[in-house]
Amino acid sequence: RIHESGKSDDGPRHCMKDDPFFGNFIKTIQTRIPERGKLAEALAEILCIEKEAVYRRLRGSVPFSFQEIYKIALNLGLSLDKIAERASSEGKYFSVRLVDFLNPSEIDYQILDNFIYSIHHLKNDPDSESGSIGNIIPTSLYVNYKYIYKFHLFKWAYQFGKSGYPTYENTQITEKLGLINRIFVESVQNSPKSVYIFDKMFIEIFVSDIQYFFDIKLISREDVIHLKEDLFLLLNDLERYAAQGTFDTGKKADIYLANVHFETSYNYIDAKALKVTMVRAFILSDTYSFNETVFEEMKRWLYFLKRTSTMISVSNASERIHFFHKQRQIVGAL
């Protein structure tokens, strides 16, 4: 059968389906418009073709032309560079995204915006889940607390020699980065489900870092007081989420205390249109993997990790109360 492209079904079908860029392009537009019928209608309107012609393209029977891909990207606000980048990295297990958090460039902001966009659209998938496992305060929590977030930026700047010889006081958060952080927290807390598995020492590790920088006179006593206040606020919020089993938005939050220690921290996104594994590197940056084998191994590890951890969301009130009491004592000792 001959289509409007002038090619038969037998030609490009398999190569289109196997092409990483085509696969990522389809996944991306399906993320924007998850319902297949509405997606076909929208593409038919954008391309001025019949719905059946759209379906042939979505199946890979007929290739999208460059002009068609450009028109779709323009109308749906897609980044073709981002899609191509993901396609080129699919054969690799991990890729590192390095961002200058003190003086972000437009490319840095684009990297952050693309990640926020992925999180933001989880709420359209009722079965989606995001998670954080590790020995540090998760990004999805600490960016909501000004002084704690500023400390992470300061520590990153100090260890990477940014801005000469940085102090906590002269570390600044750009207004745009602050806005991105607020959107990030809001998006996570409006996602259908979040999972946190904490190393029981995650607060103690953070407090130890503060004490070190205070001892070498890079953090003032007044700044330590601000950090203590933020940590108490964080613990109050986290204990409330655990008692409720939800964020204040009403979205589910499963919180566990691990009975083993972690060497680093891990994050993941699990949705129909997007599965990503992230490993924390260089303090603030993450290494990303879109590899399905890596993701399945992470999920398998997560399943057994839950079995060996203590869930404190809603259940285990005694252990939950004891844990948060101990954390407040650690913070109070600063």
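Modeller: A nonpolar core is a set of buried Ala, Val, Leu, Ile, Met, Phe, Trp, Tyr and Cys residues joined through side-chain atoms within 4.5 Å. In this predicted model, the largest such core has 60 residues, and those with the most contacts inside it are Ile-137, Phe-151, Ile-203 and Leu-231. Helix α12, which covers residues 221-244, supplies the largest share of this core, namely eight residues. If we take Ile-137 and leave aside its neighbours within four places in sequence, we find it in contact with Tyr-142, Ile-148, Phe-202, Ile-203, Phe-206, Leu-231 and Leu-234. There is also a second, separate core of 21 residues, which includes Ile-29, Ala-44, Ile-46 and Ile-69.

The crossing in which α3 passes α5 is right-handed. On the α3 side the contact is made by Leu-43, Ile-46 and Leu-47, while α5 contributes Glu-68, Lys-71, Ile-72, Asn-75 and Leu-76. By type, the residues of this contact divide into five nonpolar, one polar and two charged.

Finally, Phe-101 lies in the loop between β1 (95-97) and α7 (106-120), and Phe-101 is buried, because its relative accessible area is 8%. The C-alpha atom of Phe-101 is separated by 8.6 Å from that of Thr-174, a residue 73 residues apart from it along the chain.

How values were computed. Residues numbered from 1 in each chain as written. Predicted model: local features only at pLDDT ≥ 70, side-chain atom pairs only at ≥ 80, totals over all residues. Heavy atoms only, no water. Helix = DSSP H or I, 4+ residues; strand = E, 2+ residues; numbered from the N terminus. Buried < 20%, exposed > 50% of the residue type's maximum accessible area, 1.4 Å probe, protein only. Contact = heavy atoms within 4.5 Å. Left-handed = near helix turned anticlockwise from the far one by under 90°. Nonpolar A, V, L, I, M, F, W, Y, C, P; charged D, E, K, R; others polar.
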